[in-house]
Amino acid sequence: MSLAIVASMSVSFAQTTYTWTNNNASGTSNLWSTPGNWDANGSPVSGSSNVVQFFAGTSGATNTVANNFTATEDITSPLDLNKLILNGTVSAAKTITIGPATAGGGSTLNFNGASGNAIVANQNNSLSYTITHNITFSNGLTVGGTGGTLTLGNSSGSPVASISGSAGLVKTGADTVSVGGTLNITSGGITINGGTLSLGRANTIVGGIALNSGVLSAINAGSLGTSAVTMAGGTTFSGPVGGSFPTTTFSNAFTINGNVQFLNNLQYGKGNLILSSGVDFGSGSRIITVDSLANGSTTGGAAVTSSLFLQLTGATANLQDLTKTGRGNLVLSNNNNSITGGISIYQGSVTVGAGNALGSGTSAIELGGAGSGSGSSFNGTSSGTMLGLFIDTAGVTLGRNINVNSLNSTGVTRIGGTNTSGISTFSGDIVLGSNSTAKGATFLASTGGTTRFTGKISDTSGGSGGLVTVAGGGKVGLSGVNSFSGGVSIAGGTTLATEGTNQTVGYLSNSTSAITVSNVGSGYRTNSEVAGTFSGTGGIYGTFSTNASGQISSFTILNYGSGITATPTFTLAPVSGYADGNGAMTGSFVQSTLELGSGTLTIAGTNGAQQSYYGAITGTGSVIKNGAGIQEFAGTNTYTGNTTVNAGSLLLAAGSQMKFSIGASGVNNHITGAGALSLNGAIVFDLTSAATAVGSSWSIVDTGLNESYGANFIVNGFTDNLDNTWSKTIDANTSYVFSEATGALSVVPEPGTWALLGLAGVAWLMVHRRRRMVA
């Protein structure tokens, strides 16, 4: 072999570095073939050990890029290299594009060194590089560095550049590398050791994807090929990050070996992720964060449940304890999930789509608490936080107990069904304020659906008794022996149903606690209602307001418990701005029972309109009728307190009743006031403790009222004497007599003085003529 040939071979294997130095890059001087654009080595030549470098460093005047420019590679195709090093600095954001000539020249950069093949991005963070060549490699390729963004291949336009090779692609450094072209790795897979690797096309990847550190971003369902993905602790998988993207399903198998994040495009309300082939959690406890790459305008409120989710439709395996953080919604849909330990939701929400979606564990679900999340300010104790636990599929029952831990005054905890038909069920017990600072919870049922809570709802010992709100427009059913103490608020369009026979919906500790039925927002006229019967040893009291149509169905309010010292007050009042246009309540209270205990029911004015209450009023409390308008009682009332008609009219309808408890002479409840009273139903006298001595008397109806008696008026158990009096024999010598004329009940001798009493009645009739209301 000649010396010339030996010399030639040694030159071809020697490493030469070619450095681009033209920082103005204007006019036609941006060609690789122009020696003046380079250092003393001139334009590059093809060689598997050669290095091409753009600028000698990342600081100084000679390395400062003045303008955006394209450095057109027009040397040869393919151009063999070992490394491409990208340096430079800018005072403001700039982009350098490295690409082939449009006509002639090369179109492929071929990294074919025996080892160390790399594209190194060390440029200043505000300087971006885009390489539009096809890229090939045969012994692996390392990309990344300490700089800003590097884009490989064109992300738009035609033809699409390809990045292909064997022995694996490795991402290093803290920078972001976006693969805009089509990726075809025939062996070795992808390893990510830092920064962000973003994949944008439908790719072929053989050998798996190992996310050891940093972020893996996949823009569409085919970006990961069919490779399995392994995520180490502290890593992040993200979906689409710009524009309005649809839900994206990845069929790749995932293994998660630590606490990880799934981030997506919350700002645009879409960009949701579905993992359909199962997730292996590697036999450990995991913190899973579902959140957004950009905060956008959504702040973790109610809309978060429909704005961003990560759904695991494949089965989870080998998971012990699950902790959910981040503002998004983690949806667990597979009935074969393996979760053997506890579940804590410190941020955002978890949605259950199958009966065994939460695995075989039996420990309570913790909503809120000490968890601060991972890289997010929206934690379980922050202002504006939404914590949620939902069932999205009819027929699903979630059996675990639930502990609702504290939020601050603006935080909201939601529990319920998002199914729009059928029934979802929470069968475990729910403790409100398990850390003694309860702020209550909202129980949800979506319009058309029913959510049942069959376990006991209670306050913890020392808890403050947060308000329970039922909302969502559907039917919320309670059938446990409940004992929470903060009251209930029923939002517009929602039905609260008890479905059971022994309900203690609230043990109230102060006079401001209430069960309130209301409409949500201006202009809503959808009925809210309560259906079923509440009973037990606790109680609910406070201000009771009707909805827009004034109708509450099958509603019982129970007398307060023994530990309560405040006197409850009930109010039946119209809702301002609704009904007849004058703020008056026009519908009716249907099939209800209102238990006063020893409290007072106040009936507000109705501006001349008539409202009817068809249910029963029970207890020992009193009723006060105020304001203009007519209040009709059409139920079987057994309350034994006084009734005061201060204004307007009170009607006792045919078939209904009022009860009077008679004691010693002059000891009884009665009807008084200055308004109008029309009695067309029944008066019931409880004579169990009544005096029997002649001369005993009791004022039942105050004659200061403008009273009248209708054709259907009766006194239960008494005989109509057909002279506006009613009598009941006590014994052979005495009788009870009620006189419509005097409104009094008396004990009179029998029969000798009966004629005298009759004459007295006639005299009264002449002075106070009997009035009968029109039937």
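Because the model is predicted, local features need pLDDT of at least 70 and side-chain atom pairs count only at pLDDT 80 or more, while totals for chains, interfaces and linings use all residues. Residues are numbered from 1 along each chain as its sequence is written, and side-chain values use heavy atoms, with hydrogens and water left out.

Strands come first. The labels follow DSSP runs numbered from the N terminus, with E for strands of at least two residues and H or I for helices of at least four; two strands pair if DSSP finds at least two bridges between them. An open sheet of 6 strands runs in the order E4-E7-E10-E13-E16-E19, with parallel pairing. Its edges are strand E4 (79–81) and strand E19 (204–205), each of which pairs on one side only. Within that order, strand E13 (residues 162–165) pairs with strand E16 (residues 182–185) in the parallel sense over 4 bridges, and isoleucine 163 sits opposite leucine 183 in E16.

On to the aromatics. Rings of Phe, Tyr and Trp (for Trp, the six-membered ring) pair if their centres lie within 6.5 Å; planes under 30 degrees apart count as stacked, over 60 as edge-to-face and the rest as tilted. Searching the whole structure turns up 21 aromatic pairs. One of them joins tryptophan 20 and phenylalanine 69, which count as stacked because their ring centres are 6.0 Å apart and their planes lie at 10°. This pair links distant parts of the chain, with tryptophan 20 in strand E1 (residues 17–20) and phenylalanine 69 in strand E3 (residues 69–73), 49 residues apart. Both tryptophan 20 and phenylalanine 69 are buried, where buried means under 20% relative accessible area, exposed over 50% and partly exposed in between (1.4 Å probe, protein chains only).

Tryptophan 698 and tyrosine 736 make a tilted pair, at 6.3 Å centre to centre with 55° between the planes. Tryptophan 698 belongs to strand E66 (residues 697–699) and tyrosine 736 to strand E71 (residues 734–739), so the pair ties together parts 38 residues apart in sequence. These two residues, tryptophan 698 and tyrosine 736, are buried as well. Ring pairs also link Phe660, Phe685, Tyr709, Phe713, Phe718, Trp726 and Phe738 into a cluster.

Phe713 turns up again around glycine 681, whose contacts (heavy atoms within 4.5 Å) beyond four places in sequence are Leu652, Ala653, Ala654, Gly655, Ser656, Asn712, Phe713 and Ile714. Glycine 681 sits in the loop between strand E64 (676–679) and strand E65 (682–686). With a relative accessible area of 2%, glycine 681 is buried. Its C-alpha is 5.2 Å from that of alanine 653, 28 residues away along the chain.

Serine 622, in strand E58 (residues 622–625), is partly exposed at 24% relative accessibility. A polar atom of the serine 622 side chain lies 3.4 Å from the backbone nitrogen of asparagine 642. From serine 622 to serine 598 the C-alpha to C-alpha distance is 7.4 Å, across 24 residues of sequence.

Terms used. A polar contact is a pair of N or O atoms within 3.5 Å; within protein, one must be able to donate a hydrogen and the other to accept it, and residues adjacent in sequence count only if both atoms are side-chain atoms.
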